[in-house]
Amino acid sequence: MIWSILASLTLLAAIFVIYPLLRKAPRVQSEEGQQANIVLFREQLSELDRQLADGEMDEPQYRELVAEQKRLLLADESDLPVTESTRSRGAWLLMVGLLLVPLLAFSLYQQLGSSEDVLISELMEQRLVNRDSEADAEIRQQLQQKIAGRLQDQPDNVYYLVTLARMLLEDGEFLQSSATYQRAVRIAPEDADLQAEYAQAAYFSSGNRFSPEADSALESALALDPNNLTALGLKGIRAFESGDYLVAIASWQNALQAIHPSTPQAESLKAGIERAREQMGDNLPSLRVNVSLAPELTADSGQVIYVFAREWQGSPMPLAVARLQVADLPTTVILDDSMAMPNGKLLSSADRIEVVARVSATGSVAPSAGDLEGASEVLSMKKQGIAATILIDRKL
């Protein structure tokens, strides 16, 4: 498509340049010059006739001067076509040049330009359209071949390295994917997403074990971005496998706060949290909270609800936070130490608490006008098996 457009524009431009050159060159100036020379010749001849008749010159002188005027007239006429001929040759040279320049430019573009990048971009667009069809496998194979070939010319192209690594991961080629990610990480070590993806590929390539490479990449990703979703998920898996269930729950809860609750990824995180809770048994202090919306209030089903516990008459900083949607109501939420804010106090460290449920009009955890809210009575964390019931019944 792009080549057709470029060819059309080039042809249109060439027509505007070539057409004036192909038109017959105007001869007005040449013809006017020839007529002027003839008029002058006749005037000179009349003057010579007069001088001969008046006896100012003899016959031999007359004939010699007439012959000289004829030679001058012939010489002037022979000079007139020279300009037109020269112009004609120059026009043809220019037209040949106009034809050769696009051909030369196209050849150089094929050799030195980004035509392969255009093809790769087109294949990626095709794959987005045909992802769920049988054509996807063939497109993916062509794309991998094109990217691999491009990387031979541009071995430090991080975009192509990451794209190839992701495709290899999709195909289950974990070792090749991990090696490709490693090349990309060496070029861009400060990219948290890249470090996290490398850690994931290294984990898979080691048979679902955290090798030194996977651990190192994971720590780098968390240091660069503590809230990176991929890194938090891997951190939870590592903690769960080592028996540190509280860290696993905290990691997965943090990841859960940043994604839509109804996505498959969220469901997987929730399942992992439940398994970690089962492993801990009664060792994880928790608070069961029943949340519902008053019938006289209305809210969009997709609006976010924050359920959090805070110290009674203490710091407003939440001790534990859960995030859900209006569509989930009525529901029961479990608050525990795994839901603590980063560097904040634990729920189990408080004596008395208050639990608040807030429907956010803006999606932000900070309260704002238009929010809907409800709160529990004061609760003591010293009691076992406590539960709270919250009815969201007022508008801020």
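Let's start with a network: Asp215, Glu219 and Arg238 are linked by salt bridges. Keep in mind that this is a predicted model.

Arginine 238 bridges to glutamate 219, and their closest N and O atoms are 2.5 Å apart. Arginine 238 sits in helix H10, residues 229-241, while glutamate 219 sits in helix H9, residues 212-224, so the pair ties together parts 19 residues apart in sequence. How accessible are the two partners? Arginine 238 is partly exposed, at 22% relative accessible area. Glutamate 219 is partly exposed as well, at 42%.

The count of salt bridges comes to nine. Two of them involve arginine 277.

Here is one. Arginine 277 bridges to glutamate 274, with the closest N and O atoms 3.9 Å apart. Both residues lie in helix H12, residues 264-280. They are three residues apart, about one turn of the helix. Is each one buried or partly exposed? Arginine 277 is buried, at 14% relative accessible area. Glutamate 274 is partly exposed, at 43%.

Now the other. Aspartate 336 bridges to arginine 277, and here the closest N and O atoms are 2.0 Å apart. Aspartate 336 belongs to strand S4, residues 331-336, and arginine 277 to helix H12, so this pair ties together parts 59 residues apart in sequence. Aspartate 336 has 0% relative accessibility, so the residue counts as buried.

Next, helix H6, residues 158-170. Buried residues in H6 include Tyr160, Leu164, Met167 and Leu169. Look at the start of the helix. A side-chain oxygen of asparagine 157 comes within 3.2 Å of the backbone nitrogen of tyrosine 159. Just past H6, glycine 172 has a positive phi of about 80°.

On to the strands. S1, residues 286-293, runs parallel to S8, and six bridges join them. Asparagine 290 stands opposite threonine 389 of S8. Strand S8, residues 387-392, has two faces. Ala388, Ile390 and Ile392 make up the covered one. Ala387, Thr389 and Leu391 make up the uncovered one.

Last, confidence. Mean pLDDT for the protein chain is 78, and 70% of its residues reach 70 or more. Which stretches fall below 50? Residues 82-88 stay under 50, with four contacts beyond four places in sequence. Residues 108-113 are also below 50, with eight contacts beyond near neighbours in sequence.

Notes
Residues are numbered from 1 along each chain as its sequence is written. Side-chain values use heavy atoms; hydrogens and water are left out. Buried means under 20% relative accessible area, exposed over 50%, partly exposed in between (1.4 Å probe, protein chains only). Helices (H or I, at least four residues) and strands (E, at least two) are DSSP runs, numbered from the N terminus. Two strands pair if DSSP finds at least two bridges between them. A polar contact is a pair of N or O atoms within 3.5 Å; within protein, one must be able to donate a hydrogen and the other to accept it, and residues adjacent in sequence count only if both atoms are side-chain atoms. pLDDT is the predictor's confidence in each residue, from 0 to 100. Contact means heavy atoms within 4.5 Å. A salt bridge is a side-chain nitrogen of Lys or Arg within 4 Å of a carboxyl oxygen of Asp or Glu.
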